[in-house]
Amino acid sequence: MKSFVLACVVAIAIAAVAGFALNTVQKPADQAYSTTGVRL
Amino acid sequence: MARFVAQARFIIGALALALIIAIAAPASAQQPSAVNPTAASVKEQQLLNALGTGDAIHGRVTIPDQKSANLIHPAGRDWRQFHEVTLRWIAAIAILGMLVILVVFYLVRGQVKLESGYSGRRIVRFNAFERAVHWMTATCFIILGLTGLNITFGKPLLLPLIGEPAFAGWAQWAKYAHNYLSFPFAIGVFCIFLIWIVGNIPNRVDLEWTKRGGGIVGHDHPPAYRFNAGQKMIYWVVVIGGTLVAASGYLLMFPFYVTDIQGMQLAQTVHAIIAVLFVAVMLAHIYIGTIGMEGAFEAMGEGTVDENWAREHHPLWLEQEMARTGPNESQRQPMATPAE
Amino acid sequence: MARMKFLCDADRCIECNACVTACKNEHEVPWGINRRRVVTINDGMPGERSISMACMHCTDAPCAAVCPVNCFYTTADAVVLHSKDLCIGCGYCFYACPFGAPQYPRVGNFGSRGKMDKCTYCAGGPEADGTAAEFEKYGTNRLAAGKLPLCAEMCSTKSLLAGDGEIIAQIYKERVTKRGYGSGAWGWQTAYRETIAS
């Protein structure tokens, strides 16, 4: 039982870290497709 | 003097006019001969005819997002057919088919019993780390499988029951869960690959085991090491299938970072087919590890198995373990009451 | 009832992008989202043709078919619209669309690509016609006011036609007959499974 609970906790922790990390990398379209010619 | 200037101006003006007409005349005379841009213009039909499968009519745009430069991409039609029709059939046949096979099998063959009964002596089969990795991967698999099947079957099966707003809310969270739990799942698959590769290399014993029905077809007891041929099959399905499903899934999570739209359609196709077959196979694994075999669940549930169980199903492994720890082994843990 | 369609006469389009500008301005479309775009085939070569492309509002729309949450709907005028409230940003509609019409506010697909945005035929969305809520999400609803899409109205050469399919097909056919050539109604075979015999 202990290993199962530990497994779930670790899974959620890894998922949360991944989510946090990816969201900082996520680019909105207006940034991703801007060029030097574009002034927002 | 003034009259001369006026006359000169008139003559120069007339000459200029004549010059212009002289230049213009030969230019208009050129038109019938050289290029006819209208005849050379592209027609949609000719471009469509020239398209190979998966190609697009491609042009030039001034937009930074170069995906916009594809004008018409008919291949989406085939992908739609696959996703709406073909995939649903494959998934339904594989998953429902497996469920039917398992039910029938249970009714016909019944549970694989521990024929010599419980001895009361236990031996460690999986340590805490192995069990934790297994359960992390397994739990993630269940959630990933259900949320993934929701993408394919949610609309026809669940949406009519709970209505669009509720279903969309559920689907939104399902997608978040699916995308973020993929990380612990992928890490788990990788750990499984590392910790159990040693016991899962196929050998001669597996051939013999399979030929003798594995103890599940019929009532034979062919010997096996730590993992029998059936388990090795599951191992490789998990490692290879898990890797493929993770790789294609990450391509989907980073759309167009690596590949174009055809690649994305292919990634989705691979991801979906591998995933539904994976689910079907795991149903069999879950069956045999729970109700299909007496004394099996404990191995992963609390880590130890009964010695008689080990002797009946994995005698070669039991031998190795006994030899390793010696006759006065500390692993043997007598149990007060036999496990149920 | 009218069956609304778009037709871009490639032989008249001069790539001025008035349609693109009109759409962006009218609906306050954010940067990075391209509801309408002008694609130039054979740029710089004899026979260069430009076509203005946006959602074609297909018959049997593939985007609607593959959407896992069924957020698309077709109006009585055969305009294909969707609900941003239901959209989960999975990106499947883009994989199915032959014209690349769906646009997303986010580039990566972790969790969601954001709410999908596309040409609405200036017909808004599921919110009540003409309300601020509808404008915020989908842009102006011109169709409810009895007007045609602004891109076609603003086209400087009247190459982009919008309106009842029968009427604009007729206009195009007459043009082709009168001038003697036509490169076809681009996208009609893919979107409406029909061609305009010229």
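What percentage of the 340 residues in chain B is buried? In this predicted model, buried residues make up 31% of chain B.

**View 1. Overall dimensions and fold of chain B.** The secondary structure of chain B comprises 11 helices and 5 strands. Along the principal axes, the C-alpha atoms of chain B fill a box of roughly 140 × 45 × 40 Å. The radius of gyration of chain B is 36 Å, whereas a compact globule of 340 residues would have a value near 20 Å. Among the contacts in chain B with a separation of 6 or more, 70% involve residues 24 or more positions apart.

**View 2. Strand E1 of chain C and its pairing with strand E6.** E1(C) spans residues 4-8 and is mostly covered, with 5 of its 5 residues buried. Met4(C), Phe6(C) and Cys8(C) point one way from E1(C), while Lys5(C) and Leu7(C) point the other way; all are buried. Strand E6 of chain C, residues 160-164, runs antiparallel to E1(C) and is joined to it by 5 bridges. Within E6(C), Leu161(C) is the bridge partner of Leu7(C).

**View 3. The side of chain C that touches chain B.** Contacts between the two chains involve 42 residues of chain C and 50 residues of chain B. On chain C, the elements that give two or more residues to this side are strands E2 (37-41) and E3 (49-53), together with helices H2 (62-66), H3 (92-96) and H7 (188-192). The largest share, 4 residues, comes from E2(C). By residue class, the side of chain C that touches chain B divides into 22 nonpolar, 16 polar and 4 charged residues.

Note on methods: Residues are numbered from 1 along each chain as its sequence is written. Chains are lettered from A and ligands numbered from 1 in the order in which they are written. This is a predicted model: local features need pLDDT of at least 70, side-chain atom pairs count only at pLDDT 80 or more; totals for chains, interfaces and linings use all residues. The radius of gyration is taken over C-alpha atoms; the globule rule is 2.2 Å times the number of residues to the power 0.38. A residue is buried if 20 or more other C-beta atoms lie within 10 Å of its own, exposed if 12 or fewer, and partly exposed in between; C-beta atoms are placed from the backbone. Two residues are in contact if their C-beta atoms, placed from the backbone, lie within 7 Å. Two strands pair if DSSP finds at least two bridges between them. Ala, Val, Leu, Ile, Met, Phe, Trp, Tyr, Cys and Pro count as nonpolar, Asp, Glu, Lys and Arg as charged, and the others, Gly among them, as polar.
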